[in-house]
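Let's work through a few questions about this model together. Have the sequence and the 3D view ready.

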Amino acid sequence: MNRRTPLRGFLLAQAVSLVGTRVSMIALPWFVLTTTGSATRTGLVALAEMAPLVTLKALTGPLVDRLGPRRVAVTADAASVLAVGAVPALHALGLLTFPLLLGLVALAGALRGPGDGAKNAMVPLLVDHAGTPMERVTGLTSAVERTASTLGAAVAGGLVAVIGAADALALDAASFAASAGVLLAVTRALPRHLAEPTPGPAERRVEAGTSRLGGYLAELREGWDFLRRDPVLVGICGMVAVTNLLDQAYAALLVPVWGRHSGYGVGAVGLLFAVFSAAAIAGAMAASAWAQRLPRFRTYLLAFLLAGAPRFVVLALPAPLWAVLAVAVLCGLAGGFINPVLGAVTFERIPAPMMGRVTTLNSALCWSLIPFGGIVGGVLVAGLGLSPALLLVGAGYFAATMLPALQPRWREIDHRPGRSERSGDPGVGVGDQPIQA
């Protein structure tokens, strides 16, 4: 089997799973609205999914390291088939009560958290096996994520209209089954030393007689200690958490309000997102080909300079639609380089034995402010008006992304460690440096 087959299979599994997830993101709230007629209950369902997703993504990192990311990813996807598939099945039987729906959605979110974290932790293993530059793999992963998300959102509305929300959820369950099957099939080619977990200090304490719970908590603490002692990883977490908050305000509220106030309507809102997504896919593909030859720090600064604040400024001005779309193309192309660079830096700074617990904590922290984005956008628009709100959020975005230019430690991201450095013992590494004030 070709050494790159597991990587290709992983990307295929991600694409299938993400398309299903995007379909579910539209089908589930529509299902709740049409069956209950309550916007409040629809909001409760969204909370029931996101709260356990973020919480368990943070807490199950040691499980990923103990069992291995492949095993956790396949198990989570397989269990998700039952959790998600039970919703349309029970609905068809007339047995789906609202409390039961909340429980099933919470279970699906609880499974997705460790499942997504485990798939993320598989990336460095696939890089080592394929012998491919890290930025190429993170670029391809980003391109697949953006493409699948765009296609999933595009087909979801049609699917729900044609086959109904319940059957669309059944397709989401099928996508988890397909993802688990592909992962199980193609990752068998990974050598045992790459596919199996590597014991760290906490695991060795468990083997020496420490209680399982105590060992698990010790592993979780080691992941947190490693993360907080690495100023670059802490900086990335903080910056991404803030930009995710502001991006959510932009997507969930500021752009729809702009579409209404400008008179361009909802069609322009959809067109704006579609143009940005298409450009971002092209940018991510370009990053997969070129990013490994570019200086990371300058690429990061230039990409965020072009992809961040201009999106907000152009909407705050009385700009024609063609100018708004032109800025969206520029921002999307530049934004496509961001995740490949930051993803490569994150993976390379974490030793292999701690990959699961640190990446899941990192991801959970980056997602932690997303639920508040719509609230922030709403408060600003209500208090200041649309244009001042856009300019204020854009200024915040600029400050959050350009602050690293004033912090010398961020220039460490230009260092590209070899494979031996990435697979070292967690007791030694970049994470042992104290945080600089």
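Q: Where is Thr-141, and is Thr-141 buried, partly exposed or exposed?
A: Thr-141 sits in helix H6, residues 134-163; helices here are DSSP runs (H or I, at least four residues), numbered from the N terminus. This is a predicted model, where local features need pLDDT of at least 70, side-chain atom pairs count only at pLDDT 80 or more, and totals for chains, interfaces and linings use all residues. Residues are numbered from 1 along each chain as its sequence is written, and side-chain values use heavy atoms, with hydrogens and water left out. Buried means under 20% relative accessible area, exposed over 50% and partly exposed in between (1.4 Å probe, protein chains only), so at 11% Thr-141 is buried.

Q: Which residues does Thr-141 touch, not counting residues up to four places away in sequence?
A: A contact means heavy atoms within 4.5 Å. Leaving out residues up to four places away in sequence, Thr-141 touches Phe-10 and Leu-11.

Q: Is Arg-41 buried, partly exposed or exposed?
A: Look for Arg-41 in helix H2, residues 39-59. Its relative accessibility is 36%, so Arg-41 counts as partly exposed.

Q: How are H14 and H15 oriented, roughly parallel or roughly antiparallel?
A: The axes (lines fitted to C-alpha atoms over the stretch in contact, with angles from 0 to 180 degrees between N-to-C directions) of H14, residues 309-316, and H15, residues 321-335, come within 9 Å and cross at roughly 175°. Angles under 35 degrees count as roughly parallel, over 145 as roughly antiparallel, 65 to 115 as roughly perpendicular and the rest as oblique. That's why H14 and H15 are roughly antiparallel.

Methods
Helices (H or I, at least four residues) and strands (E, at least two) are DSSP runs, numbered from the N terminus.
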